[in-house]
Every structure is written in structure tokens, then in C-alpha cells.
Amino acid sequence: MKFCISKGGFSMYDFTTLRPRRNMGAEKWSTFEAMNVDNPALVPYSVADMEFAVAPQITAAIQKAASFGVYGYTIADGPYKQAVCRWMARRHHWTVELEWMFQTFGVVPAMNLAVHALTQPGEGVIIQPPVYPPFRKVVENTGRKVWENPLKLENGRYVMDLEGLEELASRPDVKLFFLCSPHNPVGRVWTREELQAAADICARHGVTVFSDEIHADFVHPGHVHTPFATLDGPAAKRCIVGTSASKSFNLAGLATANIIVPDDDLRAALLDKQVGYTGEYTSYFGLTATRAAYEEAEDWLEELLDVIRGNYEYCKAFLKEKFPSVITYPMEGTYLMWCDFRGLGLTPEEQEKFFLSCQLCLDEGYIFGYQGAGFERINLACPRQCLEAAMERLDRAAEGLPR
């Protein structure tokens, strides 16, 4: 274990060392590879995984599992499911029964499974843009219809358009609602009252809710994540909750998610389709890593949360001073900062080229829906020195642009 001194004091874990991932198949690094950028100090700030080594407890567990030498078809056993249940109870005050859950290779595959199991071609699914792009793609790629319930901006904060949600949910062809909680990319942690209002709407109209809660462990001071299944009423009792340790512990490449469905009939409908759409097995190493994360690495996550919050405060202050026209939205949850850069006076296409010209690889806002055009999503899960260098490059490159 490496000990280091962070800006907040003594740290047990190393959140300062950068491990460049070029030529390792890392999706977010492929842009730099295509541009032939070979500066080892540069980091892409796009795809939502982290530039931190995982907790050493996880590495040790994977190494032990690897040394066994047999990697056959694997399913989650009782101790694994108990680890998940204890995590949900400890972190989110949610009592989960072992039989409620099954595993898939990711939350998005489970969303695809839900569409096939619960809707017919041509029927509708509600999404709330600007939102994580696969929400839309899963619906369109399965021959279903996307119904948009865009978030609204009120007093500098995104809120749900509940009247619009009611109107869409009342349509007889709308069967499913994809909820992002906490919301990616806008960073909202929905209050219990907001979620309850949405649940009541869906209950009135028989719409099933799939709540993607993959960012649930990234909730910042002053906010509390509410698992959808802990709400009152029939919609909460008959919902699907997608969870994973992949964001919290940087395990996305191990492809393991836990899908929690309290209702027996709904769960049976999903499992009936599972073999054909997601398969009944999961990752041997993913199960190992997730259990180690939930049982042994909680203190690593707590330190990480401090690092993420420090990075957010740094970037917010820098942009406020150097680019007062740029609007940064409160990051109540996630490690993804949502910023409105339209004050630079560039078209979305010009803006994308500008950021790449100063070697800033961000997620362009338009990929989350037309509502995000001119915005940028900045991944803050990287060493502070990388962010500082990135902001300085931005400052130099923006000479002559409106600020």
C-alpha cells in the first residue's frame, strides 16, 4: 500500500499517480490515439471511468482468484449476494432480499432486457434528456419509440417536468420509464419528494420504472440518494433498480451489475428473457472484485469522494474566475461536471474542435440530446495535477474568445 499526503491531509491511498492507458483498449483514450497524441501527462475527460488504480484490497482479491486457474461459467453465490445486500443497507438504508437480485454484464444490457420483456415493437419508453446516450439507443435499437420528458432549468437547477411526465405516462402505448438517479450528466440527486411524485404518476398509469442507480455511491454533502424501491406505493414495489460497483470502484471493465427487482412477477418476466438477451452467467473476476469492494474497500471510496469534491471545487472556482460566462451546474452527485460553454460564442461543432485543439477530450453536450448542445461534461475522476494542467491549457487557448 502506498501512503501519500493529499491536500486534505494524510491519505492511505494514492490518488495522485497517473497511469496512462494508451494502447490498452481503453475507450476514452482512443481519441488521443487517433490524434497521435503521445504526451503521457494528458488525460481524456470523457467516458465515465476513473484514472485511479483500484483499491489494493480489490487487486489482491483478483490476484487470488486468478491464481486458482479455473475460470468457468460463473453465477453469483450466497456470500456475494449477502455482500451486496449489506452494502445497500449500510450505504443507502435499503433492505434488499437475496432473491430480489440477479446479475448481468452491465446496467445497459439490463435496460435492453427490460425493453424486450415489458414492451412490444412500436410501444413507448420515456427518457429525461439531456441524459446518458444509451437510454435513447436502447429504445431505438429495439424498435420502440422514445418519448422525451426533458428536464427543466429552474433557478439554475435542473428539475423534472412532472406535468409533462404525467402527459406521456397517460399514453396507452407508453409502458416503461427510464429514470437516471443520480442523473448523468446534469448531476442531480433527486429528492425523495421528486421521486415520489414521479412514482405516483407512473403508478396511476401502469408505467414500470427502470431506475439506473449506478452513480448512487457518489452523493455529495447536503444530498441523500433515495433508492427508488424505498418509496411508497405500487410503482416502487414494482420497479427495476440497476446497480453496480463499476462506477464507485472503477470496475467497469469487469462487466458486472446487480439488477434488483422486488416484485416476483416482474422479476420472473425479466428472467424469462434473460438467456436470450443478457445470458445467465456473469464475470468470474467481476463477482470477485465487487465482493471485495463492498466488504473491504469502503474506506478507499470515502477518500475518493473527498478527492472528487476537491476537484469539483477547484474547477468551479477556476471557471468562475477565468470564464465568468461559463455556467457550472451543482454537482450533487456523480463525478461528472456539467457546464454550459455557450458563452464562448462558438457553435457546437466549433466548440468541439476548439477543445480538441487544446487537447481537451470532453464529452460534448449534444450526445446527451439536443438539449445539451453547447454544454460539456467533464469527468473529474483523475489526479488533481491533470485537471490543473487542463484548465491552464484551456485558459491559454481561449485568448481572444468571449469570456
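Student: Which strands form the open sheet with antiparallel pairing, and in what order?

Tutor: That open sheet has 4 strands in the order 12-13-15-14. The model is predicted, so local features need pLDDT of at least 70, side-chain atom pairs count only at pLDDT 80 or more, and totals for chains, interfaces and linings use all residues. Residues are numbered from 1 along each chain as its sequence is written, and side-chain values use heavy atoms, without hydrogens and water.

Student: What makes strand 14 and strand 15 a pair?

Tutor: Two strands pair if DSSP finds at least two bridges between them. Strand 14 and strand 15 (residues 375–379) have 2 bridges, in the antiparallel sense. Glu364 stands opposite Glu376 in strand 15. As for the numbering, helices (H or I, at least four residues) and strands (E, at least two) are DSSP runs counted from the N terminus.

Student: Why are strand 12 and strand 14 called edge strands?

Tutor: Strand 12 (327–328) and strand 14 (363–364) each pair on one side only. Helix 12 lies across strand 12 and strand 13 (336–340), running at about 15° to strand 13. For that angle, axes are lines fitted to C-alpha atoms, for helices over the stretch in contact, and angles run from 0 to 180 degrees between N-to-C directions.

Student: What is the strand order of the open sheet with mixed pairing?

Tutor: Its 7 strands run in the order 3-11-10-9-8-4-5. The edges are strand 3 (101–104) and strand 5 (145–148). The twist averages 25° from one strand to the next. Strand 9 (residues 208–212) and strand 10 (residues 239–243) are parallel and joined by 4 bridges, with Phe210 partnered by Ile240 in strand 10.

Student: How do you know the handedness of the crossover from strand 4 to strand 5?

Tutor: A crossover is right-handed if, with the strands pointing away from the viewer, the path from the first strand over the helix to the second runs clockwise. The β-α-β path from strand 4 through helix 5 (residues 134–141) to strand 5 is right-handed. Strand 4 (residues 124–127) and strand 5 pair in the parallel sense over 4 bridges.

Student: How do you know that the span of helix 3 agrees with its number of residues?

Tutor: The expected span is 1.5 Å times one less than the number of residues. Helix 3 (residues 78–92) has 15 residues and should therefore span 21 Å; its end C-alpha atoms are 21 Å apart, which agrees. At its N-terminal end Asp77 is the cap, with a side-chain oxygen 3.0 Å from the backbone nitrogen of Tyr80. Just after the helix, His93 has a positive phi of about 55°.

Student: Why is Gly187 called buried?

Tutor: Buried means under 20% relative accessible area, exposed over 50%, and partly exposed in between, with a 1.4 Å probe and protein chains only. Gly187 has 0% relative accessibility, so Gly187 counts as buried. Beyond its neighbours within four places in sequence, Gly187 is in contact (heavy atoms within 4.5 Å) with residues including Pro330 and Thr334.

Student: What makes Glu194 buried, and which side chain does Glu194 join in a polar contact?

Tutor: Glu194 has a relative accessible area of 16%, so Glu194 is buried. The polar contact joins the side chains of Glu194 and Arg188 at 2.7 Å. A polar contact is a pair of N or O atoms within 3.5 Å; within protein, one must be able to donate a hydrogen and the other to accept it, and residues adjacent in sequence count only if both atoms are side-chain atoms.
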